[in-house]
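Let me put the model up on the screen, and then we can walk through it together.

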Amino acid sequence: MLKKVLASSSLMIASHLMAQSPVAEPSYDTIFMEIAPQKRTCHGIGVTKCLQYKQFIFDENGQKIYRNNEWYNLYTPIEGYEHKPSRQATLRIKSYAIANPPMDGSSVRYVLEKQIKTEVVKNKR
């Protein structure tokens, strides 16, 4: 009986401590992407349609500096982002490194932090 009481008390204390302890969010990098208005055919695991992106940073004057001038295929989805054709989007994204990803999986996880800007674009890539 005493063992049951002690075990029960230990479990209650552990549960209380876990409820009180803040859970640390995994570390991430904040990145910025511009998403093209149209998806393009790409080859990953089979043929599919991929978002096209340009990654950039902001300089000290708030101007965009692109890391690449061409559109690149984005094979990894952005959690929380829903692409709408004909709309170009500027996004702030949390980028999490994935330890030991599956061989056919991504080594990064993207989570939308904020959709900064969206504009309708006609006849543009």
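Let's start at Asn100, which lies in the loop between β7 and β8. Strands here are DSSP runs of E with at least two residues, helices are runs of H or I with at least four, and both are numbered from the N terminus. Asn100 has a phi near 50°, a positive value in a residue other than glycine. Asn100 is exposed, with a relative accessible area of 75%. For the cut-offs, buried means under 20% relative accessible area, exposed means over 50%, and partly exposed is in between, with a 1.4 Å probe and protein chains only.

Ser86 also has a positive phi, about 70°, although it is not a glycine. You'll find Ser86 in the loop between β6 (78–79) and β7, and at 29% relative accessibility Ser86 counts as partly exposed.

A quick word on what we're looking at. This is a predicted model, so local features need pLDDT of at least 70 and side-chain atom pairs count only at pLDDT 80 or more, while totals for chains, interfaces and linings use all residues. Residues are numbered from 1 along each chain as its sequence is written, and side-chain values use heavy atoms, with hydrogens and water left out.

Now the overall layout. The protein has one helix and eight strands, and from the N terminus on the order is α-β-β-β-β-β-β-β-β. Of its 125 residues, 27% count as buried. If we take contacts, meaning heavy atoms within 4.5 Å, with a separation of 6 or more, then residues 24 or more positions apart account for 56% of them.

On to the interior. In soluble globular proteins, nonpolar side chains tend to be buried together. A nonpolar core here is a set of buried Ala, Val, Leu, Ile, Met, Phe, Trp, Tyr and Cys residues joined through side-chain atoms within 4.5 Å. Which residues touch the most other members of the largest nonpolar core? Of its 13 residues, they are Met33, Ile35, Ile78 and Tyr110. The elements giving two or more residues to this core are β1 (29–35), β3 (46–58), β7 (87–97) and β8 (108–120). Take Ile78: leaving out residues up to four places away in sequence, Ile78 touches Met33, Ile35, Leu51, Leu91, Ile93, Tyr110, Val111 and Leu112.

Here's a polar residue to look at as well. Gln88 is found in strand β7 and is buried, with a relative accessible area of 6%. What does the side chain of Gln88 make a polar contact with? Its partner is the side chain of Glu34, at 2.6 Å. A polar contact is a pair of N or O atoms within 3.5 Å; within protein, one must be able to donate a hydrogen and the other to accept it, and residues adjacent in sequence count only if both atoms are side-chain atoms.

Next, the cysteines. The structure holds one disulfide, a pair of cysteine sulfur atoms within 2.5 Å. Cys42 and Cys50 form it, with their sulfur atoms 1.8 Å apart. The link of Cys42 and Cys50 is right-handed, with 70° about the S-S bond. Cys42 is buried at a relative accessible area of 1%, and Cys50 counts as buried at 4%.

Finally, the aromatics. Rings of Phe, Tyr and Trp (its six-membered ring) pair if their centres lie within 6.5 Å; planes under 30 degrees apart count as stacked, over 60 as edge-to-face, and the rest as tilted. By this rule there are six aromatic pairs. In one of them, the rings of Phe32 and Phe58 have centres 5.0 Å apart and planes at 80°, so the pair is edge-to-face. Phe32 lies in strand β1 and Phe58 in strand β3, so this pair ties together parts that are 26 residues apart in sequence. Phe32 is buried, with a relative accessible area of 17%, whereas Phe58 is partly exposed at 36%. The rings of Phe56 and Phe58 have centres 5.2 Å apart and planes at 90°, so that pair is edge-to-face. Phe56 counts as buried, at 1% relative accessibility. Ring pairs link Phe32, Phe56, Phe58 and Tyr66 into a cluster.
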